[in-house]
Amino acid sequence: MNETAYALPPRSIDQRGIKKAILGKLIYAVGKDPEHATTHDWFFATALATRDRMVDAWMDSTRDTYQRARKRVYYLSLEFLIGRLLADSLNNLQLTEPVREALDELGVDAEAVLKAEPDAALGNGGLGRLAACFMESMASLGIAGFGYGIRYEHGLFKQGFDKGWQVERPEDWLAFGNPWEFERPEAVFPIRFGGHVDDVIDDAGRRRFVWKGGQRVLAVAYDTMIAGYGGKHINTLRLWSGQSGNLIDLEAFNRGDYKAAVGEQIDAESISRVLYPNDATQAGQELRLKQEYFFTAASLMDIIRRHLSSHDNLDNLPDHVAIQLNDTHPAIAVPELLRLLIDEHDMTFEKAFGIVQEVINYTNHTLLPEALERWPVQLMEQMLPRHMQLIYDINAHVLNKLRQSPGNDDPFLSDVSLIEEGYGRAVRMGHLAFVGARKVNGVSALHTELMKETVFKSLHRRFPDKITNKTNGITPRRWLMGCNPGLSALLDESIGDAWRHDLGKLEALEPLVEDSAFQDSFRAVKRQNKVLLARLIADQHGLSLDPDAIVDIQIKRIHEYKRQLLNILEAVALYDAIRNEPEKTWTPRVKLFAGKAAPSYNRAKLIIKLINDVAAVVNNDPLVGDRLKILFLPNYNVSLAEQMIPAAELSEQISTAGMEASGTGNMKFALNGAMTVGTLDGANVEMREHVGAENFFIFGMTADQVLEARLRRDAARRAIEASPILARVLDLVDRGHFSPTDPGRFRPIIDDLRNLDHFIVTVDFAAYWEKQREIDLAFADQGNWTRMAACNTARMAWFSSDRTIGEYAEEIWRCRY
């Protein structure tokens, strides 16, 4: 039957039609009388009405991809930090105002409805937020993109504080259902763990390997639509949920063994229950590896199924499929795709591996060797025995080729081997992703060059054409239009709205940054955003903030290399200076922190406790007053970022040089008119080039200087001796000034700084302190500060994720859009 036979009347997008649709969904889908509906009921009804207005374009996009045999891009990521979808979808569909008007006519608070949606607990930090930006940009550019991940029931964790200590509670974002997802019971794939491999000869006399036995878990698909700007192209995010094929062992249940009766079900569902289970234990390691294989295997099976629905065989897979691995978590895709091609589709190893290397691409996000993942060989052999065989085969294939290459003088090639020998043999997953990929990309210019010199030095020397750079970007739809309506309206008024479709049009702001009237308007928008944030903080945390103080924000995953410790130590120095000279004129400052520490990362959790303890003392010191306030906001997520970033005037990007791959928070702050104080690390380097060194506050050592400092055993001691301010700060913390009931609480931190200081906190402290005082003086000149801030906004267009995705499409994925 022709597809027009299924055609339905177009969904109304005017205020009157939307009002009718929301009311209909409330009554017939949610089952509530408008007189008794809760805010959450209205959210659900509004989301369902909005979803209906996306489905037609979604199906049109899918049909177009099939009809034109367009190349699909599959983005595999363990995280997708998509945040709230209602406001974002309405913005991209350009339905925000009609929906607000419809809710207003219904007597419903539109703002409360938008805020009733829980953040989707599908990620942790920059990795997941980047994946979300990339999915949105692919849809906005009309690329046939398809995301794959895990439908976590409880996500990472909900962060709270108990006497300043981080406590972890389960997220419950799915507790009342998810209006955006479509369950696909027909898209179910069995995933095997454990078992054994039989070496057999088939009827045609060929040697075959058959993987049998073990545990089988079902991967069930849930689809969510991702709308591009304008709503013309809509892509799919498919998330997998772990389920058991056997609901209950009735025999065990009937004999009273209730736990055993549902044991298989619990094991299966545990795979998709929590993001990043603690892998400090053997059980945690096994679950983490299961998660990675579970979603990767299901995704590859789905990709092959879809391809074969339109093509006779898999020989042309590289012409129609590009797979992007977002970090090393899905690196098991290399042997899994090889397994499917060899074991399920009768290809030879050489042909199959050739296809793998044409289809798969790999994004590296870290220079930390411990973050590249190494799985014990014993665990791999136990859980994925066929894959371990194939990893050995890949290793032999690659090493044999390299041994035969001209100029090779290393018969062992241990530095490029996929197997790390020595005590506890392990599979190097970063190496596996590298050799199995067509292209390997870094995420900033500095990071890419450091990849070549550090973690992949030996591999790069032997495969010099693989590594390329794709500097990260952010979607301006969420991170300017969505989160900062005041600034967006000012831009429309000042330069027109063409920038909404092409961020490059922001350059039209350049002539206005010196204009005093524009500066007044820009400053007024920023102040209003600060007032809104101060109101939220007062309501939720009982802390009163001066909206005329400089708002200084560091929001990141808590890690020693991101150096929240440097930030809070400088705050202690400022507190001490104010107390010593209370009569001096000090630039009022509000220092805000947010971010989560991994549950097993004790040092990061101790740093959070230090920040909270310092805040408790500083905020209650009458001598300091409003000149310095400190707050750590709990449970950082996308929605909180959307409220903090527009209000920020100073963005803390102070990682140890050479350790941050890129960062994208730095881009969001700058686009919204915040100044950056930072090191020459990650994308800071390129941002400084684009916005101008005169509009950027750089301090501290370079990556090369950091390496040199680490070789000097006395670097920390000398830095402390050279800085009386730092010595005083360390002494205050060490003797329990901020922890009088437990004076030695922070001694492990102080001892580390005085002796090892791997993250160069002490060596960079003096430069950081001086740069912050320079910032105080710069902020006092509000005209020039506003000019610099506006320059940041005007010159950030290159950091749009649309540009990044365009580069991926051209060079890595080789697809047209």
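Helix axes, in what follows, are lines fitted to C-alpha atoms over the stretch in contact, and the angles between N-to-C directions run from 0 to 180 degrees. Helices (H or I, at least four residues) and strands (E, at least two) are DSSP runs, numbered from the N terminus.

Good morning, colleagues. The model before you is predicted, with local features needing pLDDT of at least 70 and side-chain atom pairs counted only at pLDDT 80 or more, while totals for chains, interfaces and linings use all residues. Residues are numbered from 1 along each chain as its sequence is written, and side-chain values use heavy atoms, with hydrogens and water left out.

I begin with a pair of helices. The axes of helix α20, residues 485–495, and helix α21, residues 516–541, come within 9 Å and cross at roughly 160°. Angles under 35 degrees count as roughly parallel, over 145 as roughly antiparallel, 65 to 115 as roughly perpendicular and the rest as oblique; α20 and α21 are therefore roughly antiparallel to each other. For residue classes, Ala, Val, Leu, Ile, Met, Phe, Trp, Tyr, Cys and Pro count as nonpolar, Asp, Glu, Lys and Arg as charged, and the others, Gly among them, as polar. The contact of α20 with α21 then has five nonpolar, three polar and no charged residues.

Arg-603, Leu-606, Ile-607 and Leu-610 of α23 meet Pro-748, Ile-749 and Asp-752 of α30. By class, this contact has five nonpolar, no polar and two charged residues.

Is Asp-613 buried or exposed? Buried means under 20% relative accessible area, exposed over 50%, and partly exposed in between, with a 1.4 Å probe and protein chains only. At 8% relative accessibility, Asp-613 counts as buried. Apart from neighbours within four places in sequence, Asp-613 is in contact with Phe-738, Ser-739, Arg-745 and Phe-746.

I turn to the aromatic rings. Rings of Phe, Tyr and Trp (its six-membered ring) pair if their centres lie within 6.5 Å; planes under 30 degrees apart count as stacked, over 60 as edge-to-face and the rest as tilted. By this rule the count comes to 25 aromatic pairs. In one of these, the rings of Tyr-74 and Phe-146 have centres 5.8 Å apart and planes at 55°, so the pair is tilted. Tyr-74 lies in strand β1 (residues 72–76) and Phe-146 in strand β2 (residues 145–150), and the pair links parts of the chain 72 residues apart. Both Tyr-74 and Phe-146 are buried.

Tyr-148 and Trp-240 form a stacked pair, with 6.1 Å centre to centre and 5° between the planes. Tyr-148 is in strand β2 and Trp-240 in strand β9 (residues 234–243), 92 residues apart. Tyr-148 is buried at 0% relative accessibility, and Trp-240 is buried with a relative accessible area of 0%. Tyr-74, Phe-146, Tyr-148, Phe-189 and Trp-240 form one aromatic cluster.

Finally, Trp-785 sits in helix α32, residues 782–794, and is buried with a relative accessible area of 3%. Leaving aside neighbours within four places in sequence, Trp-785 is in contact with Ile-550, Glu-649, Met-675, Phe-697, Ile-775, Ala-778 and Phe-779.

Key:
Contact means heavy atoms within 4.5 Å.
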